[in-house]
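Subject: Handover of a structure and findings

Dear colleague,

I am handing over the structure below for your records.

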Amino acid sequence: MTTATTELLTVPEVMTRLKLGRSTVYDLIRSRRLVSITIGRSRRVPTDAVRDFIGNQIEEAA
């Protein structure tokens, strides 16, 4: 999934892109519906994971 060119987003950046609140983003991460990694004490979400999440939501809605 991740490549050398994959951008890593902070939780606030994911919140902005998905138009969701902080708690909701962390709930998605906790439930493993949104893939993330931890670097030190920081949580990062690959842009591919956000794209995959949106795709899965669209499929579920169809």
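The findings are set out below, from the overall fold to individual residues.

Please note at the outset that this is a predicted model.

Overall fold

The protein chain contains three helices and three strands. Along the sequence these elements follow the pattern β-α-α-β-β-α. The radius of gyration of the protein chain is 11 Å, close to the 11 Å that the globule rule gives for 62 residues, so the chain is as compact as a globular protein of that length. Taken along the principal axes, the C-alpha atoms fill a box of roughly 40 × 25 × 20 Å. Of the 62 residues in the protein chain, 27% are buried. Among contacts with a separation of 6 or more, 54% are between residues 24 or more positions apart.

The sheet

Strands of a sheet pair through backbone hydrogen bonds, in either a parallel or an antiparallel sense. In this model the three strands form an open sheet in the order β1-β3-β2, and the pairing is antiparallel. The strands β1 (8–9) and β2 (37–39) stand at the edges with a single partner strand each, so one side of each has no neighbour in the sheet.

Two bridges join β1 to β3 in the antiparallel sense. In one of these pairs of strands, L9 has V45 of β3 as its bridge partner. The pairing of β2 with strand β3 (residues 42–46) is also described as antiparallel, and it extends over three bridges. On this side, T38 has R43 in β3 as its bridge partner, and I39 has S42 in β3. The hairpin of β2 and β3 has two residues between the strands, and G40 in this hairpin takes a positive phi near 65°.

Packing of α1 and α3

Two packed helices are described by the angle between their axes and the distance between the axes. For helix α1 (residues 11–18) and helix α3 (residues 47–61), the axes come within 12 Å and cross at roughly 30°. The crossing of α1 and α3 is right-handed. The residues that meet are V14, R17 and L18 in α1 and T47, V50, F53 and I54 in α3. By class, this contact of α1 with α3 has five nonpolar residues, one polar residue and one charged residue.

Which residues does L9 touch beyond its neighbours within four places in sequence? Its contacts there are V14, R17, R43, R44, V45, T47 and V50. L9 lies in strand β1 and is buried, with a relative accessible area of 1%. Its list of contacts includes V14 and R17, which are among the α1 residues that meet α3. The list also includes T47 and V50, which are among the α3 residues that meet α1. The C-alpha atoms of L9 and I37 are separated by 10 Å, and these residues are 28 residues apart along the chain.

T47 is found in helix α3. At 11% relative accessibility, T47 counts as buried, because the cut-off for a buried residue is under 20% relative accessible area. Leaving aside neighbours within four places in sequence, T47 is in contact with T6, E7, L9 and R17.

Positive phi in the loops

Most residues other than glycine have a negative phi. Which value does phi take in K19? Phi of K19 is near 55°, a positive value in a residue other than glycine. K19 is placed in the loop between α1 and α2 (22–30). Is K19 buried or exposed? At 70% relative accessibility, K19 counts as exposed.

R32 likewise is not a glycine and has a positive phi, of about 65°. R32 lies in the loop between α2 and β2. With a relative accessible area of 75%, R32 is exposed. Both values can be set against the cut-off for exposure, which is over 50% relative accessible area.

Yours sincerely

Technical notes. Residues numbered from 1 in each chain as written. Predicted model: local features only at pLDDT ≥ 70, side-chain atom pairs only at ≥ 80, totals over all residues. Heavy atoms only, no water. Axes fitted to C-alpha atoms, helices over the stretch in contact; angles between N-to-C directions. Helix = DSSP H or I, 4+ residues; strand = E, 2+ residues; numbered from the N terminus. Left-handed = near helix turned anticlockwise from the far one by under 90°. Contact = heavy atoms within 4.5 Å. Nonpolar A, V, L, I, M, F, W, Y, C, P; charged D, E, K, R; others polar. Pairing = 2+ DSSP bridges. Buried < 20%, exposed > 50% of the residue type's maximum accessible area, 1.4 Å probe, protein only. Rg over C-alpha atoms; globule rule 2.2 N^0.38 Å.
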